[in-house]
Structures are given as C-alpha cells and as structure tokens.
Amino acid sequence: MKLYVSGLYSGGNPQPGIGIVRSLREGFPEASIVGVEYSNRVSGIHWEELDELWIQRPWDELDLDAYGERVREKLDAGGLWISGSDLEALWLADLFPDGHPNLLAPSMPALDRITKPAVEAASGLPVRIPTYTSTDRSDWDLHAFCRQHNWRVWLKGPYYDAARTPSWDVFEAARNALTKVWSTERLFLQAHVSGYEESVMLSAYRGELLGAVSMRKRDITPEGKTWAGDVSDVPADFLDPLRQMVKALNWTGGGELEMVRDAAGQLWLLEMNPRFPAWVHGATLAGQNLPALLVERASGMRAMPSPCRAEEFTRVVLEVPVRAEYPLPPLPEPFAGAVGHSMKHPSGLTLLAKKLHKANPELLGGSEPDGEAGDRLPQIPETFLADIRSYDFDTVQTPQFLFMDSTAASLFQRAAERSHRLSTNDVTVASGYSIKTNPDARLIKLALDNGFHAEAISLLEVHKALEVGFRPDQVILNGPGKWWPEGIMPREKLHAVFCDSIADLDRVVAAVAAGEMQSAHIGIRIRTPNIPSRFGIPLDSPANLARLVDAVKRLPPESAFGIHFHMASANVGVAQWWHLFESMLKWCQAIERLTGRTVEILDMGGGWFPDDWHASEDGKFATAVEKVRAMLPGVREIVSEPGKAMAQPSMALAMRVLEIQEHEEEEVEAVVDASIAELPMYFFYPHRMLHQNARTGELQPIGRGKTHLMGRLCMEHDIVAANVRLPEGTRAGDLLIFCDAGGYDRSMSYVFGRG
Ligand SMILES: *Cc1c(COP(=O)(O)O)cnc(C)c1O
C-alpha cells in the first residue's frame, strides 16, 4: 500500500500532514508513506516516519500540466492521496473533475458548496453564520459595518488568513495585503463572536460518513491555533445532520468545521476546511483514527485499532534529525519585504494561489479589481450634488473647502425636528453643537437658529459663540481646559458647566463662591469604566467613587446637578455605545443615592459618525429617552453634543489633478494639489469622492481601484487616497471633490508647503 500525504509544514501554524502520517502509520504499520512537498524548507519532510519523499519544484516553477499527469500515474498505480492543503485540494479537484477512486479529497461541486463565509452546505447543521459582508461594497458601507460591529471584525480571504481590523487604516492595509498575497479580491468582513472555539472533524468516502469527532481548544498559540484540546463524541443532534450533509455533498476525504460556542451555548460556524485539521493525531490518541478509517474504506484493507490513550492531548516541540539528502539551506533567505503572511506559508501556497489565479481566475473566485465596480460606488446624497453644482469652479482656487449650504441647513433642521419630537412637557431633549469640531461661524449660526446650545471647551470658544449671537445661558462649558485663556470667564449665568476632574470641580466651586462665575447646572463628567479614557472623574474603584461622592457634595446647592459622559461611538462602535449608555444610567442612579443630589441634566456627549447620529428612524433614541425617564425621574433635560455628526458632511474639499503618471501593468497614479495637510482624517474614515468631467461639468462618483492619489507635498506618506479608480480620460486640471471633509479635516487642517 502506498499512501501520499501533502501539507507537511510543521511550524506554529501547522498543516495537518505530519499528524496524518502519524495516524496512518499507527493504522497501517506496513504501508509505504510518501511525503509530498513543494519546498525543502518545510521542516516536516524530516519526520522519520516518512518512507519516501516526493519533493517538487516550487509551485511557481512547476509545470502544472506535467505534474498533474504524474499525480494521475501515481493514483492509477494504486497510490492513495490525502491532501493536507486547501489550495492543493482545490487544484486536484480541478484536475480530476470526475474524481479518482484513489484521490481521497472532495470534488469541485462539494468545494463550491462549502465556500466561506456562507458555507451553504452547512444549512442543516445546528450552527449559525456570524454576520458578514463582502468587500465588494463601497468603503463607505464597509466603514459602517465596522462601526455597527464595534470594530470587532475580521477581514478574511476565501481560503486562508484572517486579520483583525480594529481601525480603518488597519483595514485598508490588511485588505491590500490579503488581496495581493492570495491573488483574490473576494474578501469579506465578518463580525467577531466571543466564545470558546471548538471543531468537528470528519472522515468520509463517497458520501458515507466514516467517523466524526468533536474537539474543544483548551490552549492556543498567539495566532489562535490549537495547542491542546479535549476530544469527545459528536452529539446526535449534530451527527445526524452532518451525516446528511456528507451524503448530499458526496464528500470524500477529511474535513473540519471550525466553530465558536458563545456564552448562550449557540454554535457559530467560522469555516469548513476540505481536509483533516492539524490536530488530527490528537483524536487518534483518543482512539478515533479518522485518516485510518478513510484508507481502510478506500483500500478494503483493515487498519490496526487505535486504543484510547487519553481524551485530552497537548503539543510539544520536538527536535528531529535533518535528513542527509536535504541539508538545511546555508542561511534562511531573507524574504524580500515580507511581513508575516508569506513567512507563514513557506510551503509556497501563496505562489500556488498566484498560479491558480493566472490559470483560471474563476477558481479562486472574485472579480478583477477593475471589473464590475458598480456596487462599490458610494451613494452620494442629492444635497451634496446640488451644493457642489452651485459653485462656479472656474473661479475656485484649489485646494479649497466648499461649504455645503443646503446640506448643512438640512442637517441642523433634521436634528432640531428630532429633538422636538422626542421632547415632552417635563423632559426636554436638546443638542449642543460642539464648536471645536468646526468653529466656522456659519455652522455656529445654524446651531443657534435651530435651537441648539453651544458646547465649548475653552473660553475662546465661548466668546466665539457669544459673537455669533448665543446668550451665555445657552452655552455649555466642558473639558479639561475650560479656564483657558485666563480672565475671560463670562460673569453671566451659563447653561451648564461639567467638571472634568476633582481639581477642576474645586476650582469651579471656589469661583462660584467668589462670584466669578455662575451656571444654571453644575455637574461632573464621569470617566467611562472599562473603556480607557483620559477624561472625567474616575469611579472604577471604591476609593475613587468615595472621592467623587465627596466632591459632588461640595457643589453649590443653588445650581442644579448634572452628569456628562462622552465616548465616541465612531471609535468604540454603535452597539458598544448603547451598552455603555445603559451602564452609565446605573452609575448615575448610584451617584444620586450616594450623594443625595438629583441628576437634572444628563449630557451624553458627542463622537457620533454622521450616518449613525442621523439614523433615519427615532427608535433607538426614543427608547433611550424612555429609559432615562424610568431610571432617573429627576432629569429635566437630555443633551447630546454632536460635532462631526453636523459638521463633517457640511464641507467638501475641491482639488485639481496636477499630473497623471502611467506605470507598468496599467497602473495609474495621480498627483493632486491637495494634501494630507487639508485631509488629516484620511486615515480614520473613508471619504466619498467625485470627479468633474472637464468637458461636460458632470459630477461622477469615484469608485475603488488601483490608483493612488498623491498629495502635492514632498512627503512619502502624503497619499490622500489609495485604491481609487479615476474615470477614463481623467486629465491634469480635472477637478476632484472629497466629500465628508467638514469635521476634523477642516478644523485640524494646517498650513504646510505653501512657502
Ligand atoms: C469634541 C467634543 C464633542 C464633539 O465630538 P464629535 O466627535 O465631533 O462629535 C462633544 N462633546 C465634547 C465634550 C467634546 O470635547
């Protein structure tokens, strides 16, 4: 009996080959086992239980047709083949469309039906699929997905690799890396599920389930790979539908369902692999030798039984002698420029991915980056287009911020209408415009006209609000620097002052006592427990809480008391923000009870991404107001402090193309007259972009592609957009417009490179 086993890589993120070999050796001590590899740098080739090695040229040098013929000869001669690599299995399925009795791997139709993330074949199993979205969607939509899922998301390729992307710049970098390394655009973003990881391994031959076993990871490597685990039988409510699934797929070979079990006991399916897992021998040690079952069924030869030695297994690191025929290379070759990804697979799988993609783009799935871009185009609101069209660009010196008149007006109006709808006789719902986000007088005036308060973090901002027309009793003063600059605190009564620290509180108390300031409400900002923040008064330890309570008791009784908290949902995620909100209400109740002071104003801060704050229905906000009324019946006013939710859409940045550079392989780069000095938020969130046709004046959304827009600054990192696709025929002098630039892009832009 001759058994071919591939996938011998045996590092920290191992392939299953060595485990398969060990299990087969136990079941068939007399068999001749041949290790198949595509690199002599894979340490598993030195494993002593291998009788022979069949080492190929690396995938990129290999003549796939000729190699395929030789594989066929081996199978025809009676050799049995167990693949330890997903991509090799894919290639073999393509090579043998009608299967081969000695190829112990699944067919192409079966592989098609287990493709991530949907894993269509698993629909009968008691598992759910974590929420996901295709990266074919526009950047604007992908950013929204990340916010909705608290930035606890994974970017995954269809076959290998997953990267956590906790922020937009990490997402962009990971998308570039995965697309390049695995030669596919077909990536997806999936919400993280917290829980314990477990797997089901199976072995099947022509649709007959030969065996299955459950394994819970009990210890993992830093990459999340199994280091130790426990093995048990698959329960009947999983096993029965699994048997049906295997039958429906007419599955042959090993397989693994990787899952997470959440706190409620629900199983979530992350992926199904078309091969045995690397921990396969751990199950053999528990008496369940699945590779041997497979070979037994395919060959008709009885396997030696595998006794159960323990139901738990662990890994160790072993040194083995290097085979004389394959000495170590003189020195490991430095992998030019590679970080992580390529080194993880020295077996050359990334090379195979490239090759398969070239031979047959369909095989790895996914459209070409520059193919169907239709659904990657962001939706541009009508008011944006109308506002932009109102400019006569012949007279606009670029780069130039464009104030979006009707957009800004409608944002403030909608906010005012919602406040009005949510307010009742005894509780007012109000907004305070955060001046620092964009201190443009036009925005402050819109805030005034729409019944907003003015929210200031310095006395200069207070005076700016007063100049535009706010009365002192419409001003909310906040932040750690509220006394700066010295000596210009208004003497009139302010609407609310929130103390950022106990020192700040004592200063406010002293100033009120000395008649240097007054405010209708004086309260505290509390520091969010669990989410790190440098702001507010901490309450996460008994001692801190005691200090806070003592301090609140010192506040002047003539002013109403209030509590403020602020945590940017744009950063921590929308779901997490609402969770925090509920926990804050409980803290407010505790503070009321301990201090004897009633919370009369509750200020929930800002930090909302525009689309989240302006979410079309009132549902969430209405429920929030109800909760406040129920839990804090003394509250008379609920304030939020939107900054970027109002300002960000209210300005765009117009720029012109200075130069188009055409490079190899149709790559185009463009230099523009704007720079990161005008778009400092470029790394934090995507901007919707438009191109104006120089001839017709028509505005056209810009989709995703391979072009970089390079800023005018002579600085390596001055790239204002990577991965865009300029319309055909874009020339120097054409106008580009970056929307969504009216928040911190505008206020934090700086003068640079202008002589
Ligand atoms: C900055 C700030 C805001 C506004 O934040 P955005 O992210 O612009 O919405 C609101 N309140 C306070 C106290 C702030 O410092």
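**Reading a ligand site and a helix**

Author: Let's start with the overall layout: the protein chain has 23 helices and 30 strands. Keep in mind that this is a predicted model.

Reader: Fine. How many residues does the chain have, and what percentage count as buried?

Author: There are 755 residues, and 56% of them count as buried. For scale, the C-alpha atoms fill a box of roughly 95 × 65 × 50 Å along the principal axes.

Reader: Now the ligand. Which residues come nearest to it?

Author: Begin with the shell, then go to the atoms. Of the 15 residues around the ligand, the nearest are Lys436, Thr437, Glu641, Lys644 and Tyr744. By class, that shell holds three nonpolar, eight polar and four charged residues.

Reader: And which atoms of the ligand pair up with Lys436, Glu641 and Gly643?

Author: Lys436 puts a polar side-chain atom 2.6 Å from a ligand oxygen. With Glu641, a side-chain N or O atom sits 2.5 Å from a ligand nitrogen. Gly643 uses its backbone instead: an N or O atom there is 3.0 Å from a ligand oxygen. Taken alone, the ligand exposes 380 Å², and the protein buries 92% of that.

Reader: Which of its residues are buried?

Author: The general idea is that a helix has 3.6 residues a turn, so positions three or four apart point the same way. In α19 the buried residues include Trp577, Phe581, Met584, Cys588 and Ile591. Just after α19, Gly596 takes a positive phi of about 75°.

Methods:
Residues are numbered from 1 along each chain as its sequence is written. This is a predicted model: local features need pLDDT of at least 70, side-chain atom pairs count only at pLDDT 80 or more; totals for chains, interfaces and linings use all residues. Side-chain values use heavy atoms; hydrogens and water are left out. A residue is near a molecule or strand if one of its heavy atoms lies within 4 Å of it. A polar contact is a pair of N or O atoms within 3.5 Å; within protein, one must be able to donate a hydrogen and the other to accept it, and residues adjacent in sequence count only if both atoms are side-chain atoms. Accessible areas come from the Shrake-Rupley method with a 1.4 Å probe; for residues, only the protein chains shown count as cover. Ala, Val, Leu, Ile, Met, Phe, Trp, Tyr, Cys and Pro count as nonpolar, Asp, Glu, Lys and Arg as charged, and the others, Gly among them, as polar. Buried means under 20% relative accessible area, exposed over 50%, partly exposed in between (1.4 Å probe, protein chains only). Helices (H or I, at least four residues) and strands (E, at least two) are DSSP runs, numbered from the N terminus.
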